[in-house]
Each structure stands twice: as C-alpha cells, then as structure tokens.
Amino acid sequence: MGGVPSTPRFSDARPQDTAEYLIATFVGEKSFPLDSDFWQKLLELPLSLRWPSHRVHQACQVFAQNNCNTRHLAKILIHLTQCLQESISSSGTQSTAYTKAINAVYISSVFLKYLIENAQSDNFDELHLSLAESEPIPREFMIDQNIKKLVMHSVLSYIVSVDVSPQTYLLHQELLNFMLIAMSTQLLSGPSPGPKDVHPFIDAAMAEESSLVNSVVHRLLLNYIMRPRIPLNSASYSIFSEMSQPGVLQRVGSAAATFVLLPFNYLVSSSGESSRNQLADCSLLVLLVLIHYRKCIESDESVTDRSDDSAASDSLSKSNTHFSDNPYCKALENARDIEFGHVDIEGNAHNGLVVKLPFAALFDTLGLCLADETAVLLLYSLVEGNSGFLEYVLVRTDLDTLV
C-alpha cells in the first residue's frame, strides 16, 4: 500500500481503486503542495467506502516513515480547518465542504492516533505539525501560522457555531473523536504533570479566549443533557473498516474514551450498548478531559543570599513550579442556572460572561446516568467546584435521585 501506483483514469476506475491510489499517494514518499488537486480528490472520496483494518495499520507504518518529509499530516489538518470554516459559513448544511471535512477529520484521526501511540520523543516531534520552509504557500495561508492552534480553534468553533442536527450529526461526532485522540498525548506523560510536558493540541485549546471557552463548555453540556439521537443514515463512518466489523475510528473512539482519562482511575470502558448515546458520551468525555487538565509551569524567583553580611548580597535564582489556571474548569465552576438570574456575589464571573445551563435538566440527566462513572465524575466536579449547582442540589426535594 505504501507504493504509489500509476495514476488511474478516474472516469473509468472503480471508486475502491481510486481510493486505493489516493490513500497510497497520501502515505507515500511524494510530497504534494497545499494547493495541489490531489487534496481535493482525496477529500472527495465517497463516504461509503470501506477499508480492512490490517491495511490501515500498514498504511500508518508507511505514513510514519514519510511524514517527516511530506508533512502530509500538517497539510491535511490545514485543509480540515478550511473545510470547517466553509461549513460554518454555510450554516453546517451538507455540501462539498461538509463531505470534505468529514474525510479530513477521519483520515487525520486515524493517522494521528498511530503517530501519538508510537511517539519516541516527549515533545511529539514525530507529528511534524509545521510546513517545510521550502513549501510553496497559498496566498490565504501564512507560513508562521501555528497549525495546532489553527486546528483546535476551527474544531471548537464548528462545535459551538453549528447546531447538532441529522445533517450535521456525523461531523460533530467525528470532531469529538478527533479531540479525544488529539488530547490523548497525556497518556505518555508521567503520573504527575511536569513543566517539560508538551501536549500540542490541548495546550492550544487552553489558550483560547474566554468567550469561546464558555461556549464550548455550554455546548458539550447541552449535548450531554439533550442527548441528540443518531440518524439512521449516519450511524457510522465506514471508510477504513471491515464489512462486518465496526469502523476503525469507532474502535479508536472507544479506546480513547477508556484510556484518555486514566488519571481518574475508577473509570472503566464504555460498554457500547445500543441504549447509549455516542454523541452525548463523547461530549462528556471531551469536557472531562478539558476541565481536569493541569498545565505545570516553571518560573524563576530571585532570592537574595545574605549569609555573609560583610559580602555583597548575591542574587540567586530559585526554580518554582505551579499549575496555571484552567479556563474550562473555571467556566464550569462559574456556570449558573438559566432559570434564575443569580447575582455573582463571589466575583467569579469575567466581564459578565458565564455559562448558563438548565440545572433541573442537568440534575435529572445525572440521576439517570449514575451507573456510568463519567457521570459520577461530572457530578463530583460540579458539586465540589460550583457553589450554585451545589445549592440547587441541596434544595431539591428528591435528593435521593443522586444516591
């Protein structure tokens, strides 16, 4: 699969043969510039195509060898951001940009997962999330743009800007799966966060403005509360899958859901029962990863040495580590009940921007889902950190719902 076959005549070739050529070209040795027609053909593959999982593994191995030269992961992520921006502009309606966005996020997820799992360095140099200096750059893209920040901003912007509907459900689901995979770099760190830990994508998410952060927390919690039902014609994305097996990314999502939250040791694997709501479950998992992430920062403090009064004071440098504020955790802690206009007595709100939620619906949803450990963790996070929600819980007459 790693070799690049001769170019087929696309008008005569079967869709599977065309996909074979395009995927082989994507993982191969030849680098295609951002504005090449190759990317359009790759991202317009039919969503109904399937691929055996062992072929996917072979393709990932070849891709890992060549990505340092081709930078195809960075390039397909750039195309993903462009497709998402076009989809937002078209109000999320199904279009060519929508189809291309699904292909881009799906292909990115599969190969990104393999690269993260097989990373040899602590700073994930193997991802090569930048373009080569000699790369020809389209006019609309600047060479010094941070691709990690660009991708996370586009993904988060789509999630909060486009409502979940039967037409947009699949892309919302794949973007949540992508986030779980992208943030799974934490699994390769030690048990305690250190100042040298590098997590490219989640660090980019932490740098977003408070208005977008609040909207993300609001959207993920609404997904969890409302539990949108999956449309029958969008049950799963099937490229790269066995005919009778769940898709590779479907298995990837399950694995990410199980392991990305390992610091919370009592979490167990999602059962995947048909009664579960995949979008709601993934929304909660992404939210939990975001609110419980802690970035360790090292700072230098000047300390004056006065051990010898006769000598001049020497200024010594003392290293000090601390955790930076987590904006997503703060947004959850400041969330207020939409039913009541609470006054911010504690001064937690920033510029009057707070997440407003239906506490009653959230309480009822948690009560129905307490058999799931992720629901228990969300309940603990709310009761421990959000005084408004704690007050609401204590005045409920049916408190036994949460017991």
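Figure 1. Leu222 is partly exposed, with a relative accessible area of 23%, where buried stands for under 20% relative accessible area, exposed for over 50%, and partly exposed for values in between (1.4 Å probe, protein chains only). Leu222 belongs to helix α9; helices (H or I, at least four residues) and strands (E, at least two) are DSSP runs, numbered from the N terminus. When residues up to four places away in sequence are not counted, Leu222 touches Arg227 and Pro358, a contact being heavy atoms within 4.5 Å. Ala361, 139 residues apart from Leu222 in sequence, has its C-alpha 9.5 Å from the C-alpha of Leu222. The model is predicted, so local features need pLDDT of at least 70 and side-chain atom pairs count only at pLDDT 80 or more, while totals for chains, interfaces and linings use all residues. Residues are numbered from 1 along each chain as its sequence is written, and side-chain values use heavy atoms, with hydrogens and water left out.

Figure 2. Most residues other than glycine have a negative phi. Arg227, in the loop between α9 (210–226) and α10 (248–259), has a phi near 50°, and its relative accessible area of 21% makes it partly exposed. His128 likewise is not a glycine and has a positive phi of about 50°; His128 is placed in the loop between α5 (96–117) and α6 (147–161) and, at 23% relative accessibility, counts as partly exposed.

**Figure 3. The aromatic pair Phe178 and Phe201.** The structure holds 11 aromatic pairs, for which rings of Phe, Tyr and Trp (its six-membered ring) must have centres within 6.5 Å, with planes under 30 degrees apart counted as stacked, over 60 as edge-to-face and the rest as tilted. The ring centres of Phe178 and Phe201 are 6.1 Å apart and the ring planes lie at 80°, so this pair is edge-to-face. The pair links distant parts of the chain, since Phe178 is in helix α7 (residues 169–182) and Phe201 in helix α8 (residues 200–206), 23 residues apart. Phe178 is buried because its relative accessibility is 0%, and Phe201 is buried with a relative accessible area of 0%.

**Figure 4. Phe26 in an aromatic cluster and in the largest nonpolar core.** Ring pairs join Phe26, Phe32, Phe38, Trp39, Phe63 and Phe111 into a cluster. Leaving aside neighbours within four places in sequence, Phe26 is in contact with Phe38, Trp39, Leu42, Phe63, His72, Ile76, Ile107 and Phe111. The largest nonpolar core has 109 residues, and among those with the most contacts inside it are Phe26, Leu42 and Leu290; such a core is a set of buried Ala, Val, Leu, Ile, Met, Phe, Trp, Tyr and Cys residues joined through side-chain atoms within 4.5 Å. Helix α5 supplies the largest share of this core, 13 residues.

**Figure 5. A nonpolar surface patch that includes Leu394.** Leu390, Leu394, Val395 and Leu399 together form a nonpolar patch on the surface with about 350 Å² of accessible area. Patch residues have over 30% relative accessible area and no salt bridge, with like charges joined within 9 Å and nonpolar side chains (Val, Leu, Ile, Met, Phe, Trp, Tyr) within 5 Å; a salt bridge is a side-chain nitrogen of Lys or Arg within 4 Å of a carboxyl oxygen of Asp or Glu. Accessible areas come from the Shrake-Rupley method with a 1.4 Å probe, and for residues only the protein chains shown count as cover. Leu394 is in helix α15 (residues 387–395) and is exposed, with a relative accessible area of 58%.
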